[in-house]
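Please look over the sequence and the structure shown below, and then follow the report on pairs of charged side chains.

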Amino acid sequence: MDHAVALPGKLREACGICGGFAKDQPLAYLTCFALYALQHRGQESAGIAAGPGEGRKIWLKRGMGLVSEVFPDSADLKGIVCRLAIGHVRYSYGQEGQNPENIQPLKLRYRHGELAIVHNGHLVNARELRKELEDQGAIFQTDTDSELLAHMIARQGSSCLEEALLEVVPRLKGAFAFIITDGIKVIGLRDGYGFRPLSLGSIDGGGYYLASETCAFDTIRAVFIRDLEPGEMVILDENGVRTRQVIESSCSNLCIFEYIYFARPDSNLQGMNVHLVRRELGRRLAREHPVNADIVSGVPDSSIAAASGFAEQAGLPYEMALVKNRYIGRTFIKPTQKMREEGVDLKLNVVRKIVEDKRVVLVDDSIVRGTTSLKLIQIMRRAGAREVHLRISSPPVIGSCYYGIDIPDPHDLIAHGHSATEIPGMIGADSVGYLSMAEVVEAVGLPAEKLCCGCFNGYYPVLPEK
Ligand code: SF4
């Protein structure tokens, strides 16, 4: 999946994080490659912090843009002497996205030295915590949850990062995966619900590494060990790896959208390969919403696996009806609705000879506003498709996300206030079929209570405090 040229109108990930500790490895350099693997999770900024340098100082480089833009000479990173490094790719939205101060890693100096922090997710009690700290005199430079955590750590008396975190972390509510370093150790943390993924791997030649997705391990030749448990803290240092349960947790609520759209197909989440889950979603979609058609095609890139599963189950030929222009970068993802709609034409073109006079099943992973679907169906019809049947490998998105995914206001969601029978007319499709929640959960292979499906079914494991 190539989100660097993601379709306008698609949901956007919150961020990708990684970091590790190893004595004899070029960790800053490896972290750059891990960030390349995580690029689909955020394309607005990238950064690496590494250490310890002289006097336990933490080296930091970060900037706006893709990993290749922030680190154009990645080989230079081999020269950075370090035993640990952490990295971040960011997607952010609203005002927050405009503030370069919010680029991560965030590096701060406090009475016990320096800290660097990266995070993925969103704290539902961030506002309350921030106000409490401001009332105590804290001055914030950024809008990030990372800075909030840094202030909370700094206010603990302990010079030991691990001990300070034990005090602070139980106060954090919501979705988060953090990686933090004080130049001595690297600590990874996952929230008590397990909304956002974080996995542990071992580095060839000694050392350990953490990453949002397992595809990052393959890139740096690390070996996957396991996913962190909800509420678990993992400490990487010169003694190897240790783990502590810092938040009592009896549940697990991994975001189901990771399987449907966010994660890279070569990643495994909770032991399930993302590509295989998507193909199974497509098979189930074909069984639940069969249609008389001539060909099946998927919206590149994230829906191709589901489309191939649909075609296989339906006994129809899979065709590449849509071709993606991979050279239109994120600079074309424009902020206004009109510009976003125009972006579809720029990014996708129809293979006229494939769709001409055909009844086409077009498979997509989700519909958010519906504007992208409308455009896609228009360009299919302009190219001569006789019928266009849209099949969606997830249920209708009906609600917002409180955990860091940029879902529009419910009133802007096409499924909000519109019945399934109204939607085909609104987007110009001959028919629309959504895969039911039960089928999605079965395809993922985890019990429903181990997943967050809040934006689909309105059940949110934890809500923002009033
Ligand atoms: Fe994922 Fe939706 Fe839950 Fe947000 S509300 S974590 S996008 S499933």
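D266 is partly exposed, with a relative accessible area of 34%, where buried means under 20% relative accessible area, exposed over 50%, and partly exposed in between (1.4 Å probe, protein chains only). This residue forms a salt bridge with R264, a salt bridge being a side-chain nitrogen of Lys or Arg within 4 Å of a carboxyl oxygen of Asp or Glu.

The model is predicted, so local features need pLDDT of at least 70 and side-chain atom pairs count only at pLDDT 80 or more, while totals for chains, interfaces and linings use all residues. Residues are numbered from 1 along each chain as its sequence is written, and side-chain values use heavy atoms, with hydrogens and water left out.

Side chains of opposite charge can pair when their charged atoms come close. In this model the count comes to 25 salt bridges, including those in the table.

| Salt bridge | Closest N and O atoms |
|---|---|
| R264 and D266 | 2.6 Å |
| E162 and K185 | 3.6 Å |
| E258 and R196 | 3.9 Å |

E162 lies in helix α5 (residues 161–168) and K185 in the loop between β7 (174–181) and β8 (186–190), so this pair ties together parts that are 23 residues apart in sequence; helices (H or I, at least four residues) and strands (E, at least two) are DSSP runs, numbered from the N terminus. E162 is buried at 4% relative accessibility, and K185 is buried at 12%.

E258 and R196 are both buried. A network of salt bridges links E280, R283, R284, R287, E312, E439 and E442.
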